[in-house]
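Reader: Hi! Could you take me through one part of this chain closely, and then show me how it sits in the whole?

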Amino acid sequence: MTTIQDQVLSSRINGILLPLAAMKTQHDWGVGDFASLREWTEFFAQQGAKIVQILPLQETAPGETCPYSALSAFATDPVYTDISDVPDISASPEARQYVASLADKISTWHQAKKAPFFAVKQAKLKALWLGYQHFLQAEAAANSPRFQAFEAYCAAQSGWLRGYALFRALKEFFKWQTWTQWPEGLRNSEPQAVAEFEAKYREYVAYFSYVQWVLDQQLRRAKVFAQQKGVLIFGDIPFGTNLDSAEVWSERANYRLGWEIGAPADQFSKGGQRWGLPAYDWEYQHAHNLDLWRRKIRRVTELYDIFRLDHLVGFFRTYVFAPGDDVGAFDVQGEQNQIDRGYNFLRMVLDEAKGKLPVGEDLGVIPNYVRRMLVDLRIPGYKVLRWEREDNGYYREPRNYPRVSLATTSTHDTETVRGWWETMDPHERANIWEMISAQKTDGNVPFNADTQRAILRRVLDSNSAITLFSWQDIIGTLDRVNTPGTVGEENWTYRSEYTPQQAADVYAPQLEMYRQLLKETGRL
């Protein structure tokens with residue numbers, strides 16, 4: 001049987017990146033949901049895309065929009081629920097009445113320029129709670145087939161779901177106070193204290209499992225819908241989670257509390273970066289057969305066809321800051337030790353992926369042995385046009401990219417291709433334009449439809465099995481998803497200005513160009 005890994009790497013395939021939250025549709029509440037995913041998937045399929053990348057969907061805390069600093073490595077954010085597709089809400093007069101009462105608010109949220117995560121999530125959680133009450137009365141009380149399906153889901157996902165549901169209930173119970181401030185028994189996740197809380201608030205704890213069940217069903221249906229349209233869904237595994245997360249609380253032996261993950265100095269940060277995320281205890285993890293990561297890989301392969309391994313180099317060597325230290329260091333020394341750790345980890349990933357395709361985020365300062373290993377293991381790494389250079393400083397010819405790679409113009413952490421082009425030093429622009437067009441100039445090359453076409457064409461012409469563009473790079477806008485090293489409402493709240501139907505009209509010339517380029521480069 002042909003695996004997705006084989007299928008993708010033996011073809012020339014193109015995809016489009018648009019965060020799920022950004023997928024505006026006529027009926028969303030201001031944040032894209034799983035109905036939006038189906039609608040945009042169909043739209044992208046009509047343009048010729050074979051992959052839709054949606055970035056991480058992990059649940060975040062109130063006030064936090066970055067999914068790379070999540071409450072759980074496993075749980076999906078309830079903000080993505082398609083409320084119209086929850087049978088228990090449709091069947092509950094109270095839930096229907098509540099949703100109807102939100103009409104004016106939903107209209108306001110829907111028109112917002114930025115995704116209003118917190119307000120939408122709180123409203124959806126209340127609607128889900130009312131639906132859950134009906135579920136208990138109508139389904140659980142009768143031990144119906146739907147209730148039995150819910151119980152089967154809880155049993156199948158028990159490796160992460162119970163700890164998450166308990167943590168999530170406790171967070172609400174203690175009004176979002178960090179677990180490090182909880183009473184001692186609960187703070188230390190002592191079995192007796194946890195069991196007593198669970199017994200006393202069983203219905204409330206189970207509610208958070210119910211919400212994940214609803215989300216799981218909706219995401220899985222969206223993936224099946226995508227498959228019917230010939231599209232693969234591309235998800236994400238963040239490297240870390242927040243200190244205040246379900247896994248750190250309930251499985252803390254996997255972590256070195258007090259130690260912090262970061263990155264050495266690079267183009268984004270002259271003094272290195274501190275990410276505020278707890279470091280892993282790799283010695284413990286390897287002694288336990290990488291159990292936590294095996295569960296993460298299994299989870300993500302249930303939900304997606306392709307998945308991005310965030311901060312890939314961290315599996316070889318992680319840059320960590322010891323408690324109180326201003327300067328970090330790698331947690332494993334010696335190149336061979338780093339190679340061994342990375343190889344063992346990636347072999348595990350491939351074993352657990354069962355033919356699904358991992359993609360390694362290998363951007364930044366990356367040792368050569370990492371990229372060689374990716375090609376050997378048939379795991380695509382990234383080739384971002386603006387960062388690919390030969391030893392002599394000239395931009396690398398995309399036709400020389402390795403076949404096992406993903407070529408692109410930008411990432412969710414960079415400016416869009418237009419933003420990059422318009423702010424580039426003229427000398428650099430002259431350098432890359434010569435590679436793109438074979439024309440020598442003084443660098444005074446404005447960004448217009450012809451320039452955009454030439455840039456996209458160059459990437460599509462690459463040797464990479466996968467090419468992928470952000471939606472903004474196809475339509476030629478400046479809106480970015482995230483600006484690393486900054487904290488603010490601009491990050492992760494990008495929302496498409498138009499629905500797919502509107503975009504088809506507004507961006508008709510750009511979409512025609514994109515479809516034509518796919519045809520010309522054999523990626524349709």
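Author: Happy to! One term first: buried means under 20% relative accessible area, exposed over 50% and partly exposed in between, using a 1.4 Å probe and protein chains only. This is a predicted model, in which local features need pLDDT of at least 70, side-chain atom pairs count only at pLDDT 80 or more, and totals for chains, interfaces and linings use all residues. Residues are numbered from 1 along each chain as its sequence is written, and side-chain values use heavy atoms, with hydrogens and water left out.

Let's look at L303. This leucine belongs to helix α14, residues 291–303; helices (H or I, at least four residues) and strands (E, at least two) are DSSP runs numbered from the N terminus. L303 counts as buried because its relative accessibility is 3%. Setting aside neighbours within four places in sequence, L303 is in contact with D216, L219, R220 and K223, where contact means heavy atoms within 4.5 Å. I233 is 70 residues away along the chain, yet its C-alpha atom and that of L303 are 8.6 Å apart.

Now to the loop between α13 (282–287) and α14, where L290 is found. L290 has a positive phi, near 55 degrees, in a residue other than glycine. With a relative accessibility of 4%, L290 counts as buried.

Another residue with a positive phi is N143, at about 50 degrees, and it is not a glycine either. N143 sits in the loop between α6 (117–140) and α7 (145–156). Its relative accessibility is 40%, so N143 counts as partly exposed.

Beyond residues up to four places away in sequence, T81 touches D33, V86, K124, L128, V214, L215 and Q218.

Finally, here is the wider setting. The chain has 22 helices and 12 strands. Its radius of gyration, taken over C-alpha atoms, is 23 Å, close to the 24 Å that the globule rule (2.2 Å times the number of residues to the power 0.38) gives for 524 residues, so the chain is as compact as a globular protein of that length. Of those 524 residues, 58% count as buried. Among contacts in the chain with a separation of 6 or more, 74% come from residues 24 or more positions apart.
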